[in-house]
Each structure stands twice: as C-alpha cells, then as structure tokens.
Amino acid sequence: MARQRGGGTARQRGGGTARQRGGGTARQRGGGTARQRGGGTARSRRRGWLLAAVLVIAVAVPVGLFLGRDGSGHASFLPAAGGPAPSGTPSPSATRATLTPRQLAGERVIWSYSGLTPPDSLLTAIGKGEVAGVIFFSDNVSSIAQVRRVADRLQAAARKSPLAKPLLLLTDQEGGEIRRLPGEPNQSAKQIGQASDPTAAAKAAGTGAAATLSKAGLNVNLAPVLDVYRSPGDLMDQYGRSYSSDPDRVAKLGSTFVTAQAAGGVLATAKHFPGLGSAGADQNTDEVPVTLNTTAAQLRSIDEKPYQRAIAAGVPLVMASWATYPALDPQHPAGMSHTVIANELRGRLGFHGVTVTDALEAGALKSYGDTGHRALAAAAAGMDLLLCSGRDPAQGADAVTALAAGYQDGSLDRSDFTAAGDRVTALRDGLG
C-alpha cells in the first residue's frame, strides 16, 4: 500500500505530532504564565519574537525535508535522499547485513522439486536461508489440503532461517487449461475476453484465483498473461492464454485481474514482457530459441501497452520473456537484456517492483550454458528473482552457487545485487 511504501503515515514520517515536534505545549515552550514571563516587558517581547522564530524553524525544517514535487508538479511527501531509515524500521538491506554470500544469493532464487513431498535437501536449504521461494506444479499437487500442509511445512522451515521471512510460494493459475491447482478460475483468458461482460469475468477470475491459492497456502500467482495475440491459432491464442488481439482490452482485463487478486491477498505477476503476442504457433520459448522481429513502435504501442495499465494498478511482479527482440536488443533474450529490463521496463515504463525470469531451463536458452551461466546473465541484466523450475533442488543450489560467486568476485555489481535483494525482501515483508 502507499502508506507502507511511503515509510509510515505522515505523522510517523514527520517525527511525531506537532506537539511532539515542537517540544511540548505552548505554555511549556513559552516558559510559564504571562505573570511569570514579566508582564509584557521589552524582554518578554524579545523572548516572544525568539519563540516565534523557533516555531517557524520547527515547522519549516520537516516541511523542507519531506515536501517535494512529483512528476506532475504536485507537492508530495518524499523520503530524505540517502538518509537513514526511521528508528525502529530498518531498511531491507539493514536486516540482511549479516547474511553470507550464499544467503544473499538465495534471497533471489525460486526453487522447485518433483513429487508430493518436498525433499530434505530443499528443507535444509530453506533452513540455511538459501531459498526465496518455491514454485508448485501439477505433479506437486494431489489436493488443496495436501498443498496446504506442504506450504505450512515450508513456511515453518523459513521461520527458523537466518532471515526469518515468509517464502514466496508460487504457481501458474491462469485459468482454463493453465491451472496447477484444482479450482478457480475456470475460464481461460480468451473466454474472459469473449464474455458478455469481460470486465466482470476478469474480476471474478482474479477473485477466484486468490481464493484458490489462499486455501492452498500459496501467495504468488504467475498470472495474468498480458500478451496481445496477433492471429487466431498462434502461440498465445491456441491455448486461450491471451485476452484479446486488442491491446486496450488486454490492458483493461489484465489490470482488473491484478486488482481483484490483490484484494484477495495474492500477488500477481504480469507476463511475458515485453510480449509474446506476435509469436507463431511453433515459437514456444519453453522449447526453442525464438526471435520476434516486431518493430519498436509496435512493441510500444501494442505489446507493452497492457503493462502500463498493470503497473498503474500496482502489479508487484513482472516476468520477462526469453524471446529475443532485435528492435530493442539483437544480442540477448529479454530476460538477459539490460536494455529491455533497465531501460524499457524500469526506465520507460517506470516499473519499480520485482522482476522474475521465466524458467531457467527453457529451450530458448540452449546456447547460454548451464544453470550457473544463465543465472549470472539474468542477474546482470537486472532480473531480481531467478526461476529454477526444473523440479530438481540441485538446479536451485547451482543458481545460488553462481550468484554467490558473482557477488564475491565482483562480476555482479554489488549495489545492483543489494537493490535486487531489497526489492525481494520488501515483497516478502508484505506477506506478513
């Protein structure tokens, strides 16, 4: 919420009530009754002018420190640049100051496993503080109650870890065919887009997704898909994963889903930035390298348009695509491109939340080495969370090892590393 992001209420940011900031009541500040002050002498008047000056300074300093101008020129409260956090509310980086390089790296890695029971290796890694979260797939699920028991067990292990913060527990509950848990949303994005009242359908889907995940003890949904499909039967249309070929409709329905799901206490993830809508039926980044020769103008007016509205709606996470977009960066897939993540997503669109990769084991990354190499390339590009979804805890451990080494040897910028960790930690703090 704005209140949380701003560091507390105005009263907290200003250092207490006006009475507290001014150092007591008027009577206390003025040194007693009129009779005690000397009954209106010149000395008393000089003291009165001095008191007035002190009060002006007392009010002006907090205002000068905290009032600024937002992008539209309106006055707004701003944190003091570079200043310390208020007493009792340490910054995220301060709470992580004693962590080892492996623990710092682990705060950026999502792990996975196969089967219905989390292995001891995963539980051990959680206890050591080397896991930011866990993603669930269909083979991890037999029922909502079973997933809830597993989620509770994972969170119990996290509470005993050095950071002692809730884990991010994720799944893909888009709706329609793409559902890992039994339950809502039943409609696919395509069905929602074709409904008689699409907005109401999108709201119901977001509400239903939140209810399903909450019952299972999960807190992050890798949805909605904001891809704007181009032709019937293409990659995003054939499984009903796109709301529409109209970017305005996708923007409206996607942001409605985000807002409704947030109201149910589950975090949304907009995907796959900057967009897979132009991908043909056989251009699946899970399987093969994909290059999308969409112009920059088309990307910005069509594919990225839904992200503008989702960001305005407060979407907390954005997943990057593994496709390559020569109009933006001909050399790297989006999730490994500093140009796409730092310049386009954060710079041009103003996204300040958490970025997450698509699957690190994706076929699109065949030429990018092993898990460690892929993790380093994505982190260097500005990806905060790395999704190790190969159903093998060893994959998560390899990513942690690579990030820790990059942090220690300087191949990953430490200030960027810290900023990424802070964003993830703040996200986890919000889970309660």
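**Chat: a pocket and a helix**

Colleague: By class, which residues are in the lining of the second largest pocket?

Modeller: Twelve nonpolar, four polar and nine charged residues. Asp, Glu, Lys and Arg count as charged, Ala, Val, Leu, Ile, Met, Phe, Trp, Tyr, Cys and Pro as nonpolar, and the others, Gly among them, as polar.

Colleague: And what's behind the numbers?

Modeller: This is a predicted model, where local features need pLDDT of at least 70 and side-chain atom pairs 80 or more, while totals for chains, interfaces and linings use all residues. Residues are numbered from 1 along each chain, and side-chain values use heavy atoms, with hydrogens and water left out.

Colleague: Which lining residues are closest to the pocket's centre?

Modeller: Out of 25 lining residues, D172, R180, R241, D286 and D358 are the closest to the centre. A pocket is an open set of points on a 1 Å grid, with protein on both sides within 12 Å along at least five of seven lines, and lining residues have an atom within 4 Å of a point.

Colleague: Switching topic, how far does α12 reach?

Modeller: Helix α12 covers residues 198-216, so 19 residues, and spans 27 Å from first C-alpha to last, close to the 27 Å expected at 1.5 Å a residue. Just past the helix, G217 has a positive phi of about 80°.

Colleague: Which of its residues are buried?

Modeller: In α12, P198, A201, A202, A205, G206, G208, A209, A210, T212, L213 and A216 are buried (under 20% relative accessible area, 1.4 Å probe).

Colleague: What do those pack against?

Modeller: The buried residues of α12 pack against α10 (144-159), β5 (168-171), β6 (173-175), α11 (189-193), β8 (220-221) and α14 (247-263), with contact taken as heavy atoms within 4.5 Å.

Notes: Helices (H or I, at least four residues) and strands (E, at least two) are DSSP runs, numbered from the N terminus. The expected span of a helix is 1.5 Å times one less than its number of residues. Buried means under 20% relative accessible area, exposed over 50%, partly exposed in between (1.4 Å probe, protein chains only). On a 1 Å grid over the protein atoms alone, a cavity is a set of points where a 1.4 Å probe fits but cannot get out, and a pocket is an open set with protein on both sides within 12 Å along at least five of seven lines; lining residues have an atom within 4 Å of a point.
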